[in-house]
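Here is a walk through one structure, taken a piece at a time. Keep the coordinates open while you read.

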Amino acid sequence: MNSIVTLLVLVAAAYAVSFVLSQKSRRSYGLVSGAEFLAIGIVVGPSGLGFLSEALLEAAAPAMAAAAGWLGLRLGLRLLQTARCLGHEALLLLIEPLVSAGCIFGLVYGANALLGLSLSTPVCWALAAVGAPSTRSGVLWVLDRGARGPLTTRLQGLTQIDDTVSVLLLGALFAAMPLSGNGLGAWEKLGATVALGLTLAGMATVLIGRERLRSAIAWLALLGLSALGTGLSLRLGISSVAVAALFGSGLGATCRHASEVEALTEATERPLIQVLLVLLAAQLSFDTRLVFVAVLIAALRMAAKLLGGSVLHLLRRDSGADPWMGAATLSCGGLTTAMVLSLGQALGADAQLLLWAFVACSLLGDLLGSRMLVALLRRKGELAINGAGQSSRTMEG
Amino acid sequence: MVRTDSWTRLLAKIAALAALLGMSAGAFSLVPVDNRLAAPLTGLGLLLLGGELFAELMERAGLPHLTGYLLAGIVLGPHGLDLVPATTVGGLTPINALALALIALSAGGELTMGVLRSSAKSLGAATVTQLAIVLPLAGAAFWWLGPNMPQFAQGSRGTLVAGALLWAVLSVSRSPAATFGLIAQFRPKGPLTQYAIAIVVAFDIIVLFLFALTIQVADGIASGRGQMGLGALRQVGDNLLGSVASGTMLGLIITGYFKFVGRQPILFLGVVAYAMAEFAAFFGYDMLLLFVVAGLIVANVSRSGGELLLEATSQGGRVAYVVFFALAGAHLDLGLLATIWPLALGLAAVRVLATWLAARAGSWMASDEPVVRKYGWMPLVSQAGVTLGMGVVVANAFPNSFGPALQSLTVAVVGINELVGPILFKIALDRAGEKSRDLDEPLREAIEQPESEAA
């Protein structure tokens, strides 16, 4: 059977299994990052049972790049709404991911020097960018279980706004990385990132128009501009995810139908992330050293997150912040997946380390992050011991 | 005032298109070295956006969207500005399969039993007359004009006979995709629409058989062996049966999904369509027939399923149509058309004339309604992917004699029919008064409504 059909069948099976088991697994174990899809990818990849061949992964690379760009666009569309909702609080919440990213870089860089891990500086920055954000799913999960209170609200805001730091880091990192056949300097690349993102946003606003939203036109404009933006970014050697996030934010700021567009495209996010997780995990090749380094990086990320949470607590002691906030936001989300993908395609030989680090961080986030989150909210009295499934997926305040 | 506003918006879109092309050209000159990831994505983005903007321009000119998509492909493609080079066009071809699957699904969704019953008599008569008139006239035209090409002028008499036979079969093939593309845009209802759907689907099947038979006969005549193997015909029969069986199964799966799950229908259809397209390619099944049958099953097994299918395909379908026809436009070799246009134009004209004659005769035999009698030939002019595919088969079957020349001629004539056919069909729908709605109606309504009223 054709590899693409195999992939589709596997993804459909994974989707079905997830559909049946997700509620149960979330209730029981708090799996929010899609660890089951990572497991499927490892099992069916070339290093596992080999259902997905190297050739298929190679052929799927453009589609994966497009998917990463699309997730970046979705993030951008959401970011502005969140920032508007949070007001000046958004700036304060950015402290945690900033400190976390700085600490991850510092700790990984230090460990590299101490242990001789042979990591390049761009890889250390890439790990910092990938490690800083956390998924919204964890907080949405506890919200579904009836969590309410100032810390819950703060965590919800934090998990929605912390992606900003990673996107900025990613844009800067791609600008700083030299690319063969590309004569653009770092500042030129940064300028190109901003210009491309904003031009795409302007075009989308014109194409979607001010009249009643027509979904077919909106889809065409978003798909076309997203594909074009990703293609041009890859050609120029700039971050496609950062461009897409800027595109989304710009669209959110200028388009009258931004919230409708956000709602229109919402259903695409989960299936895309699931397919990407399978494909990402399938690319892993086994290497004991890499596994060891990845586990170490996951532990360092946890330490950095704790530090970030503590700093935020020290600065905002009065508003419900808690020193354990960082530990409660360990889970990785869609943006991390997109970033790992785009960085993996740019880093070449170092991509494997990034992939392993992502898997280790995701698993640790799933196993520890959700439990820490529940424990913290229970300790604060914001989550009942047997929380009822009261659903609330909107920002409070 | 309203018109001024709508033109202002159009100008803004044209400016956006110019900015888009300028931005792409700027990026291409800044970094001339392309990479394997960037090219297909840039190409896809340009074709989608260019197609949509060209379609809007064509709409203002009273032409169908499909013509705009084709023009976008021609302008942006390898024979135009080369912003989407030939390698990229080739790389994007797999997306065609998905697009064609959605197009065929939506066409099948229009084929309720009522439509089939009411079209049966017309279909029978039209099939007989199309075969009895178009085949001999197109063959005779080739016999007369073919020697203008050196391969046929210098070849044996057998070569010319073989070429004429194959050309005759190529001439009766139609473009289901173009027909369904227009139906998706205007959602027409009426006897002319039913007639058009029934004929193009029927001829998709008939031509497969005819072509398999003719290529065997042509091989026997051209090689002078005078023998032919009928194994290929059996294989065609097997494949058609397989297509119908797989289509039925797919239709039942889609019906079941709509009935019991119903979530994210576009996503579900996209995944299922892609998987089945790969399945069809693997077994050599006729993809178009497979998906038309699936759509037919969904429409006839459950009424709500048919409506859901049409709604889902019309939402996701526009993207599919743009990709499909923009890629078709990008494939059109204008350079080739420029070199053999007199011959191509002559053969295309004879085909149109024969089609008109056959449609009139068929309508007279079946006592069709006046609109079908008058305009029934107009939806049958379009030709596209199926005919081009057969041209490739001919080139591969006769690589050292007339194959490549006949393929070039096919590309040139299909180019003419691809551009003219959709316009003729749109004129026919306009005159027959069967356009029940335009996908752009909401826009027009919004434009024609004062802003405050719309709010």
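Predicted model: local features only at pLDDT ≥ 70, side-chain atom pairs only at ≥ 80, totals over all residues.

**Helices, bridges and a domain boundary**

Leaving aside residues up to four places away in sequence, B:Thr410 touches B:Trp167, B:Leu170, B:Thr387, B:Leu388 and B:Gly391. The residue is found in helix α17 of chain B, which covers residues 403-432.

Is B:Thr410 buried or exposed? B:Thr410 has a relative accessible area of 2%. The cut-off for buried is under 20%, so B:Thr410 is buried. The side chain also has a polar neighbour. One of the polar atoms of the B:Thr410 side chain lies 2.6 Å from the backbone oxygen of B:Leu406. For a sense of scale, take B:Ile427, which is 17 residues from B:Thr410 along the chain. The C-alpha atoms of B:Thr410 and B:Ile427 are separated by 25 Å.

Stay on helix α17 of chain B. B:Lys426 and B:Asp430 form a salt bridge between their side chains, with 3.3 Å from N to O. Where do the two partners sit relative to each other? Both are in helix α17 of chain B, four residues apart, so about one helical turn separates B:Lys426 from B:Asp430. B:Lys426 has 9% relative accessibility and counts as buried. B:Asp430 comes to 37% and is partly exposed. The limits explain these labels: buried means under 20%, exposed means over 50%, and partly exposed is in between.

How many salt bridges are there over all chains? A search of the whole structure finds five. Another of these pairs is in chain B, where B:Lys13 and B:Glu56 meet through their side chains at 3.3 Å, N to O. This pair links distant parts of the chain. B:Lys13 belongs to helix α1 (residues 2-30) of chain B, and B:Glu56 belongs to helix α2 (residues 38-60) of chain B. The two residues are 43 apart. Both B:Lys13 and B:Glu56 are buried. B:Arg60 joins them: B:Lys13, B:Glu56 and B:Arg60 are linked in a network of salt bridges.

Chain A has a salt bridge to look at as well. A:Lys305 pairs with A:Glu96, and their closest N and O atoms are 3.8 Å apart. A:Lys305 lies in helix α16 (residues 288-315) of chain A, while A:Glu96 lies in helix α6 (residues 95-115) of chain A, so the bridge ties together parts 209 residues apart in sequence. A:Lys305 and A:Glu96 are both buried.

Now widen the view to chain A as a whole. Its secondary structure comes to 19 helices and zero strands. Chain A has 397 residues, and 60% of them count as buried. Take the contacts in chain A between residues at least 6 apart in sequence: 84% of these join residues at least 24 apart.

Cysteines are next. A disulfide is a covalent bond between the sulfur atoms of two cysteines. The count of disulfides over all chains is zero. A disulfide needs the two sulfur atoms within 2.5 Å. A:Cys124 is buried, with a relative accessible area of 0%. A:Cys361 is buried too, at 8%.

Return to chain B for its domains. The domain assignment gives domain 1 (2-91) and domain 2 (100-437). The centres of domain 1 and domain 2 of chain B, taken over C-alpha atoms, are separated by 27 Å. In the contact between them, 19 residues of domain 1 of chain B meet 24 residues of domain 2 of chain B. The size of an interface is often given as the accessible area lost when the parts come together. Domain 1 and domain 2 of chain B bury about 2000 Å² between them, and 76% of it is on carbon and sulfur atoms. Between these domains of chain B, the count of salt bridges is zero.

Which elements give two or more residues to the side of domain 1 of chain B that touches domain 2 of chain B? They are α2 and α3 (65-76) of chain B. On that side of domain 1 of chain B, α3(B) gives the most, with seven residues.

Notes
Residues numbered from 1 in each chain as written. Chains lettered and ligands numbered in written order. Heavy atoms only, no water. Buried < 20%, exposed > 50% of the residue type's maximum accessible area, 1.4 Å probe, protein only. Contact = heavy atoms within 4.5 Å. Polar contact = N/O pair within 3.5 Å; in protein donor to acceptor, adjacent residues only side chain to side chain. Salt bridge = Lys/Arg side-chain N within 4 Å of Asp/Glu carboxyl O. Domains from an automatic or database assignment. Buried area = accessible area lost by both parts, 1.4 Å probe.
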